[in-house]
Amino acid sequence: MTIGEALERAEQLRPNCRIETETRLQWLREADALLRTKLFDRAAAGAFDAVGADRPWEQPVQDDQTLLAPPPFDALYPHLLCAQMDAALGETDRYAGEQAQYNSILAELSAWLRRRANDHCINAAPAAITQ
C-alpha cells in the first residue's frame with residue numbers, strides 16, 4: 001500500500017476529518033519507524049530497507065511511496081490513521097474499535113515475521129554447518 005492509498009482509505013472511512021494531512025503523514029512516518037525498529041529490523045534481514053514512510057526521514061514523503069508492511073498486513077494503516085484521528089477528536093469508542101483492529105493485524109504481522117525469520121534460520125543452518 002502506498003502513502004496515498006492509506007490516506008485515501010482513511011479519508012473514505014472518516015470523510016471531512018479536521019486533522020491536517022501533514023499530521024496524518026507524520027503518523028504514518030512514526031508508525032513505520034516503530035514497525036521497523038520493533039519488528040522488521042529483527043526479523044526481515046534487510047528485505048524491506050527500501051520501503052516505508054520513514055525512509056528517508058529528512059525528506060518529504062510522496063503519495064506513491066510504498067509503506068513498510070506488505071500485503072495483506074498493510075490493511076493496518078487505515079485503521080491506524082482512523083484510530084489516531086478518533087483519539088485526537090475525543091471519539092473514544094471509535095478509537096477503541098479501530099485500535100483493536102490495528103492491534104489484531106499487527107499481531108498477525110509480527111507472527112508472520114517471526115515465522116519468516118525462523119524459516120530463514122532453518123534454511124541457512126545446513127550451509128553454515130558444511131562450511
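The model is predicted. The chain has four helices and zero strands, in the order α-α-α-α. Of its 131 residues, 40% count as buried. The mean pLDDT is 87, but residues 124–131 fall below 50.

**Overall build**

- Contacts between residues 24 or more positions apart make up 67% of the contacts in the chain with a separation of 6 or more.
- The chain exposes about 7700 Å². Carbon and sulfur atoms supply 51% of that area.

**Nonpolar core**

- In soluble globular proteins, nonpolar side chains tend to be buried together.
- The largest nonpolar core in this model holds 30 residues. L28, L35, Y77 and L109 touch the most other members.
- At least two residues of this core come from each of α1 (3–13), α2 (21–43), α3 (76–88) and α4 (92–130).
- Helix α2 gives the largest share of the core, seven residues.
- L28 shows how the core residues reach across the sequence. Beyond its neighbours within four places, L28 is in contact with I3, A6, L7, A53, L67, Y77 and L81. One of these partners, Y77, is itself among the core residues that touch the most other members.

**Cysteines**

- The whole structure contains zero disulfides.
- C17 is in no disulfide, and the nearest cysteine sulfur, that of C82, lies 8.4 Å away. A disulfide needs the two sulfur atoms within 2.5 Å, so a separation of 8.4 Å rules this pair out.
- C82 is likewise in no disulfide, with the sulfur of C17 as its nearest cysteine sulfur.
- C17 is buried, because its relative accessible area of 16% is under the 20% limit.
- C82 has 0% relative accessibility and so counts as buried.

**Aromatic pairs**

- A pair of aromatic rings is described by the distance of the centres and the angle of the planes.
- The count comes to two aromatic pairs.
- F40 and F48 form an edge-to-face pair. Their centres are 4.9 Å apart, with 75 degrees between the planes. Both residues are buried.
- F73 and W112 form a tilted pair. Their ring centres are 5.3 Å apart and their planes meet at 40 degrees. That angle is neither under 30 nor over 60 degrees, so the pair is neither stacked nor edge-to-face.
- The F73 and W112 pair links distant parts of the chain. F73 sits in the loop between α2 and α3, W112 in helix α4, and 39 residues separate them.
- F73 is buried at 9% relative accessible area. W112 is partly exposed at 25%.

**Selected positions**

- D64 belongs to the loop between α2 and α3. With a relative accessible area of 63%, D64 is exposed, because the limit for exposed is over 50%.
- D64 and I3 are 61 residues apart along the chain, yet their C-alpha atoms are separated by 6.2 Å. I3 is also one of the contacts of L28.
- E98 lies in helix α4. At 9% relative accessibility, E98 counts as buried.
- A88 is in helix α3. Leaving aside neighbours within four places, A88 is in contact with I19 and W27.
- A88 and I19 are 69 residues apart in sequence. Their C-alpha atoms are 8.2 Å apart in space.

**Confidence**

- The pLDDT is at least 70 for 85% of the residues.
- Among the elements of the chain, α3 has the highest mean pLDDT, 98. Helix α4 has the lowest, 80.
- Residues 124–131 have pLDDT below 50. Beyond near neighbours in sequence, this stretch has zero contacts in the model.
- Where pLDDT is low, the predicted coordinates should not be read in detail.

Note on methods:
Residues numbered from 1 in each chain as written. Heavy atoms only, no water. Buried < 20%, exposed > 50% of the residue type's maximum accessible area, 1.4 Å probe, protein only. Contact = heavy atoms within 4.5 Å. Areas by Shrake-Rupley, 256 points an atom, 1.4 Å probe, with all protein chains shown as cover. Core = buried A, V, L, I, M, F, W, Y, C linked by side-chain atoms within 4.5 Å. pLDDT = per-residue confidence, 0-100. Phe/Tyr/Trp six-rings, centres within 6.5 Å; stacked < 30°, edge-to-face > 60°.
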